[in-house]
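Please look through the chain shown below. The paragraphs after it go from overall dimensions to individual side chains.

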Amino acid sequence: MGRSELERLSREELIELVLRLQRPEKTSRSSSKPPATDRKEQREHSQPGGAKPGHEGHSRVVSDDPDAVVEHRPEACAC
């Protein structure tokens, strides 16, 4: 908004504009808004979730010789 546009605003409009500029922007941290509505720049600077660097993971070992093999197949089409 340029200077000439600001000069044409009424006193009430100028007061509303100043008050709107002074209000902090609502984010998912400062309100009940979901995180997906945050600005993209804020989401890019956030830290990723998951395990921290250096954390040793653990999972099940896949056996080459299982005790039993059980096949699970649907009795009818889900459609």
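**Overall dimensions and confidence**

The chain has a radius of gyration of 28 Å, whereas a compact globule of 79 residues would have one near 12 Å. That radius is taken over C-alpha atoms, and the globule rule is 2.2 Å times the number of residues to the power 0.38. Along the principal axes, the C-alpha trace spans about 85 × 45 × 20 Å.

This is a predicted model, in which local features need pLDDT of at least 70 and side-chain atom pairs count only at pLDDT 80 or more, while totals for chains, interfaces and linings use all residues. Residues are numbered from 1 along each chain as its sequence is written, and side-chain values use heavy atoms, with hydrogens and water left out. The mean pLDDT (the predictor's confidence in each residue, from 0 to 100) is 82 for the chain, and 91% of the residues reach 70 or more.

**Helices and surface**

Which elements does the chain contain, and in what order do they run from the N terminus? There are 3 helices and 0 strands, giving the order α-α-α. Helices (H or I, at least four residues) and strands (E, at least two) are DSSP runs, numbered from the N terminus. Confidence is highest in helix α2 (residues 11-22), with a mean of 87, and lowest in helix α3 (residues 40-45), with a mean of 66.

How much of the chain is buried? Of its 79 residues, 4% count as buried. Here buried means under 20% relative accessible area, exposed means over 50%, and partly exposed lies in between (1.4 Å probe, protein chains only). The accessible surface comes to about 8,500 Å², and carbon and sulfur atoms account for 52% of that area. These areas come from the Shrake-Rupley method with a 1.4 Å probe; for residues, only the protein chains shown count as cover.

Gly57 lies in the segment after α3. With a relative accessibility of 56%, Gly57 counts as exposed. The C-alpha atoms of Gly57 and Asp67 are 26 Å apart, for a separation of 10 residues along the chain. Ala68 is also found in the segment after α3, and its relative accessibility of 59% makes it exposed. Between the C-alpha atoms of Ala68 and Ile15 there are 76 Å, the two residues being 53 apart along the chain.

**Charges and salt bridges**

The chain carries 14 positive and 15 negative charges, whose mean positions are 11 Å apart. Lys and Arg count as positive and Asp and Glu as negative, without His and the chain ends; a charge is placed at NZ of Lys, CZ of Arg, CG of Asp or CD of Glu.

Side chains of opposite charge can pair when their charged atoms come close. The structure holds 3 salt bridges, each defined as a side-chain nitrogen of Lys or Arg within 4 Å of a carboxyl oxygen of Asp or Glu.

One of them joins Arg3 and Glu7, at 3.3 Å from N to O. Because Arg3 and Glu7 are 4 residues apart in helix α1 (residues 3-8), about one helical turn separates them. Both Arg3 and Glu7 are exposed.

Another links Glu16 and Arg23, with an N to O distance of 3.6 Å. Glu16 is partly exposed at a relative accessible area of 37%, and Arg23 is partly exposed at 49%.

A further salt bridge pairs Arg73 with Glu71 at 3.1 Å, N to O. Arg73 has a relative accessible area of 68% and is therefore exposed; Glu71, at 58%, counts as exposed too.
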